[in-house]
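Subject: Structure handover

Hello,

Please find the structure below, with the sequence. My notes on what was found in it follow.

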Amino acid sequence: MAPPASPPAPSSRPAILACGALIAAAALAAYANSFGGPFVYDDGPAIADNASLRHFASALFPPPGTTVSGRPLVNLSFALNYALSGSNVWSYHALNLLIHLAAGLALFGVVRRTLSTFHFQASTATACAIALLWTVHPLQTESVTYVVQRAESLMGLCYLLTLYGFIRGIPCHPLGDKARNPSGSGWFAFSFAACVCGIASKEVMASAPLVVWLFDRTFFAGSFRAAIAQRKNFYAALASTWIPLAILVASTGGNRGGTVGLDVGVAPWAYGLTQFRAITHYLALSFWPAPLIFEYGTFWEKDPSAVVPYALLVVTLLGATGWALVRRPALGFLGAWFFVMLAPTSLIPGVTQMIVEHRMYLSLAAVIVLVVVTLPRRFGPRSLLVPFALGVPLLAATISRNADYRTELSLWADTAAKRPSNALAHCNLAIALVKAGRLDEAVAPYEQSLALAGRAANTHYNYGVLLARLGREDDALAHYEQALLVQPEFASAQSNLGTLLFLRGRAADAIPPLEHALRLRPDDSETHCTLANALAQTGRVPAALAHYARALALSPANPEHHYNFANTLLLLGRTSEAIAHYEAALRARPDDADTHFNLGLALDQSGRPADAIVQLETALRLRPNDQAARENLARLRATGPAGAR
C-alpha cells in the first residue's frame with residue numbers, strides 16, 4: 001500500500017482545465033431548466049416561512065422542527081439567498097447548482113489524485129468520466145432541484161473537500177510538491193475547516209473522520225496504526241468536530257423534533273426491514289434511474305419473508321465489503337464508502353421517510369467509480385468512451401426530471417401517479433389543486449388520501465378547509481372534528497371548527513374550540529377576534545372587549561378587527577370609540593360598503609347627520625342595491641332619528 005516509487009507524469013494543466021470546463025458545461029445544461037421551480041413541501045417551513053433568514057445573525061440559529069434545524073451553515077446560505085433575491089427562487093436554485101458543481105469538481109480532484117497513486121493510466125480522463133456521470137446523473141436531482149435538500153449537497157461538498165484537502169496535504173503523493181508543502185499543514189487545516197463546515201450542514205458528516213482514516217490506511221499509510229502515528233494531530237482535530245456535532249444534534253432535541261432516533265416509537269428491526277428494500281432500490285436507480293419519485297411515503301414491511309431477497313443482496317454486499325477491506329483494500333474502500341454514507345439514515349429509525357433519493361448523493365460516487373475504473377482495466381483504454389457517451393442520455397433524463405419540478409401541481413401529480421398507494425402524495429396533490437384554483441378537482445385526491453390513511457389529522461383538516469370553501473359546511477365540520485379526534489391539540493383545526501360554528505349561528509358552541517385554540521396559539525389575532533364576536537353575541541361583553549383589544553394589539557392594522565370591535569362598541573352605546581375604529585378600518589379598506597354604512601349610523605347617533613349622509617352615500621355608491629342604505633339616507637335627508645341595522 002506504499003505510494004509508488006516512480007509516479008506517472010502529471011496531466012497537463014490544459015487537459016485538467018478542459019475536464020473541469022466539460023463538467024461545468026454539463027452541469028449547467030442539466031439544470032438550466034430548474035431555476036423557475038417553486039418552493040415545494042419542506043421548502044415552506046424551512047425557507048419561505050423561516051423568519052431567521054431575514055438577518056445573518058439570526059440565521060445562525062435555525063428554527064426547530066424544520067430541515068434546517070441544527071444545520072446553521074445551510075440556514076446561513078439561505079439567508080444569503082434571501083438577501084440576494086428575497087422570496088424569488090432563482091438565486092436559491094443558482095446556489096444549489098454552484099454547490100453541486102463544486103462537489104463534482106471536488107470529486108474529480110479526489111479521484112484523479114487517488115488513481116495516480118496506483119500508476120493508473122489515463123487517470124485524468126477516468127476521473128473526468130466519473131465526475132461527469134456523477135454530476136449529471138438524474139438520481140442527484142432531488143439534492144439539487146429540491147431547494148431545501150441543499151443540506152445534502154452542501155454536506156456532500158464539504159465531505160469531498162475534507163478528503164481532497166487531506167490528499168493534497170500528503171507530501172509524498174505522486175502529484176504533490178514536497179518542496180513547497182513539506183508538512184501538508186496548510187491543506188490539513190483546509191481539510192479540518194471543510195469538516196467543520198460539513199458538521200454544520202448535516203449529521204451524516206459525523207463519519208468523515210473515520211472515512212479519512214480508512215482512506216489513509218488504504219492508499220497511503222498502509223495500516224490504521226501507521227496513519228495515526230504519522231498524523232495524530234490531524235486526526236485529533238478531525239475527531240474534535242464531533243463535539244460541535246453533539247451540540248447541534250442536542251439543539252434539535254436529539255431526535256430532530258421526534259421524527260428520527262431511538263426514542264421515536266419505532267423499533268429498530270421494523271425500520272431496518274424497510275431499509276433492505278431501500279438500499280436495493282438505490283442500487284437499481286444507480287444503473288437505471290427510473291422511475292424517480294419525490295416522496296415515497298411511509299410504509300412498513302409487515303412480512304419479514306418478503307424482504308429476504310433484498311436482505312440477501314445487502315448482506316452479501318456487506319460481507320464482500322468486509323472481505324475486500326482485508327484482501328483488496330481499494331475495492332473494500334468503495335464498498336465502505338457506499339454503506340457508510342447510507343448508514344446513519346439506514347440504521348437510525350425514522351417515522352416518515354423510508355426511501356429518500358437524496359440519501360444516495362455521495363454513495364452514488366462509489367457505484368460510478370467501480371464501474372468506470374473497471375472498464376479500461378477489462379476492455380482497454382477506448383472503453384472510456386462509453387461513460388462519456390452515457391453522459392448524454394443521463395443529462396437528458398435529468399433535464400426531463402427537472403421539468404417535473406416546474407410547479408407544485410406537476411410534482412405532486414407525478415408523485416401520486418408513480419406512487420398511488422402514497423396517501424401523502426394524494427393529499428399534497430389536492431392542496432396543489434386548491435392553490436391552482438381547481439377546487440372541485442381537489443375533492444377526489446383528498447378522498448383517495450383518506451381512503452389510504454383515514455387517521456391523518458392534516459388531511460382531514462385541509463379537506464375541511466376545502467369543503468368549507470365549496471359551501472359543504474356540514475361535511476367541513478365533520479372533517480374538523482375527525483382531525484381533532486386524531487390530534488386534539490391541533491390549533492388550526494380548533495380555530496377553524498370554532499369559526500365555522502360561529503358563522504353558522506352557533507356562537508355558544510363556537511366558544512370552547514376557539515378558547516382551546518388560543519390556549520395552544522395565544523398570539524392568533526384572527527381567533528381572538530372571532531372569539532370576541534362569539535362572546536359578544538352570547539352576552540359576555542366584557543370578555544369580548546378584552547379579546548378585541550388583544551386582537552388589535554397583535555394586528556393593529558387589521559380592518560376586520562377594527563370593524564368588529566366598532567360594531568360591539570356601537571351596540572354598547574360607546575359611539576365615539578366606535579367611530580374611531582370604523583375610520584381606522586376604512587383607512588385600510590376604503591371601499592368596504594358595510595363599514596361606510598355602519599359609520600354613517602354611528603355618526604348619525606352622535607349628532608353628525610351631514611357626515612352620516614356622506615358615508616351612506618358612499619355605501620350606496622359602492623353597493624347600489626343596498627335598500628337599508630337607501631332608506632336611512634332618505635330619512636336623514638328628510639330629517640329624523642337614526643335607525644340601526
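A residue counts as buried when its relative accessible area is under 20%, as exposed when that value is over 50%, and as partly exposed in between. By that cut-off, 53% of the 645 residues of the protein chain are buried. Please keep in mind that this is a predicted model.

Confidence comes next. The average pLDDT of the protein chain is 91, and 93% of the residues reach at least 70.

Now the overall build. The protein chain has 32 helices and 0 strands. Its C-alpha atoms fill a box of roughly 110 × 55 × 45 Å along the principal axes. If you take the contacts between residues at least 6 apart in sequence, 65% of them join residues at least 24 apart. The accessible surface comes to about 28000 Å², and carbon and sulfur atoms account for 63% of that.

As for the interior, nonpolar side chains in soluble globular proteins tend to be buried together. In this model, the largest nonpolar core has 183 residues. Among those with the most contacts inside that core are W134, Y159 and W337. Which residues does W134 touch, once its neighbours within four places in sequence are left aside? They include H100, L107 and Q140, as well as Y361, L364 and I368.

L334 is in helix α16, which covers residues 329-347, and L370 is in helix α17, which covers residues 363-379. Beyond its neighbours within four places in sequence, L334 is in contact with A366, V369 and L370. Are L334 and L370 buried or partly exposed? L334 has a relative accessible area of 18%, so it is buried. L370 has a relative accessible area of 39%, so it is partly exposed.

L370 also belongs to a nonpolar surface patch of about 530 Å², together with F287, W288, L331 and V371.

Regards

Definitions and conventions
Residues numbered from 1 in each chain as written. Predicted model: local features only at pLDDT ≥ 70, side-chain atom pairs only at ≥ 80, totals over all residues. Heavy atoms only, no water. Core = buried A, V, L, I, M, F, W, Y, C linked by side-chain atoms within 4.5 Å. Buried < 20%, exposed > 50% of the residue type's maximum accessible area, 1.4 Å probe, protein only. Contact = heavy atoms within 4.5 Å. Patch = residues over 30% accessible without salt bridge, like charges linked within 9 Å, V, L, I, M, F, W, Y side chains within 5 Å. Areas by Shrake-Rupley, 256 points an atom, 1.4 Å probe, with all protein chains shown as cover. Salt bridge = Lys/Arg side-chain N within 4 Å of Asp/Glu carboxyl O. Helix = DSSP H or I, 4+ residues; strand = E, 2+ residues; numbered from the N terminus. pLDDT = per-residue confidence, 0-100.
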